[in-house]
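Please open the structure in a viewer and keep the selection tool at hand.

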Amino acid sequence: MLQTPAVPVLPTPAHVSLGALSGISVHVTFDPVILTVLLALVGIFVATLSVMLIFHWRRFPFETDLFTRVEHWYLFGVFVFIAAAVVGILIA
Amino acid sequence: MYLPLEEGEEIVTKVHRHWVFIALQVVYVVLLAVVPFALYFALTRTGIVVFTGIDTGAGLALGGLWLLVLWGFFWQFWTTYYMDIWVVTNRRIIDIDYERLFTHQISVIRLDRVQDVTTRIAGTWATFFKYGSVIVQSAGAQEEFVIDQISDPEGLRDAISRLMH
């Protein structure tokens, strides 16, 4: 019975990396449940901060027009980042 | 915070701290926003660290949440910076001093009690960026009223001096 000699498979140069050589590999898993919990925690934090900021902006006696615009910009940013996080969780 | 102006009282000028003080905090937030992403790409591209288990969705979610937290911190910094304000009216100087959210102090001095106004620009940075302090001497119990780290302190001193006469 003819057997082919076992040839060691060596990584091609494209697969060789410093990480592979040094053996450093970080395995991190973020499943959707963990991401959802993180979203909830960050959401609570940001909601609290938002209430505090808007409370101050609305009570400030000067430059009310500016603070109204600031409130819109702030909320726009909050919704954009929350939307990005939610989309990311749905993809994950 | 309710701070009504008196009848016939008009705002002459409003002064904030110099922009360099919020710029430093903006740089801090931008670095915090950029460094994790840069570090991740640098480590994975060079192969020094091989991350597994972080896919596009998880990356987008984590990135979005991280930027959301920093977005909140940025506006908190901006609020404490911008609400730290000095309002000069034709009758009073009002100092709203915000240390942080929910911690502020309001001081008011009437212009007819002001005895002397001086400016102080101290240090290389202050000279380069043109910021400094205005010190208002009054006849009341609170003898000295310091308006600190403002841009164009000499302009404010002149404005207060004109209102005194």
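Confidence in chain B is lowest in strand β2(B), residues 50-52, at a mean of 73, and highest in helix α2(B), residues 56-82, at 93. Helices (H or I, at least four residues) and strands (E, at least two) are DSSP runs, numbered from the N terminus. The mean pLDDT of chain B is 86, with 96% of its residues at 70 or more. The model scores ipTM 0.80 and pTM 0.80.

This is a predicted model, in which local features need pLDDT of at least 70 and side-chain atom pairs count only at pLDDT 80 or more, whereas totals for chains, interfaces and linings use all residues. Residues are numbered from 1 along each chain as its sequence is written, and chains are lettered from A and ligands numbered from 1 in the order in which they are written.

**The four-stranded sheet of chain B**

Select β1, β3, β4 and β5 of chain B: they form an open sheet in that order, with antiparallel pairing. Two strands count as paired if DSSP finds at least two bridges between them. β1(B) (11-16) and β5(B) (103-110) stand at the edges with a single partner strand each, so one side of each has no neighbour in the sheet. Neighbouring strands are turned by 15° against each other on average, direction ignored. Axes here are lines fitted to C-alpha atoms, for helices over the stretch in contact, and angles run from 0 to 180 degrees between N-to-C directions.

β7(B), residues 131-138, pairs with β8(B) over six bridges; Gly132(B) has Ile150(B) as its bridge partner.

Which helix holds Trp125(B)? It is α3(B), residues 124-129. Trp125(B) is exposed (12 or fewer other C-beta atoms, placed from the backbone, within 10 Å of its own; buried means 20 or more, partly exposed in between), because it has 10 such atoms within 10 Å.

**The contact between the chains**

Show both chains: the contact takes 37 residues from chain A and 34 residues from chain B, where contact means C-beta atoms, placed from the backbone, within 7 Å. On the side of chain A, α1 (18-22), β1 (25-27), α2 (32-59) and α3 (64-91) each supply at least two residues.

Zoom to β1(A) and β2(B), which pair in the parallel sense over three bridges. Here Val26(A) stands opposite Phe51(B).

Finish at α3(A), whose buried residues include Phe67(A), Tyr74(A) and Phe81(A). The buried residues of α3(A) pack against α2 of chain A together with α2 of chain B. The 28 residues of α3(A) should span 40 Å, and the end C-alpha atoms are 41 Å apart, which agrees; the expected span is 1.5 Å times one less than the number of residues.

Terms used
pLDDT = per-residue confidence, 0-100. Contact = placed C-beta atoms within 7 Å.
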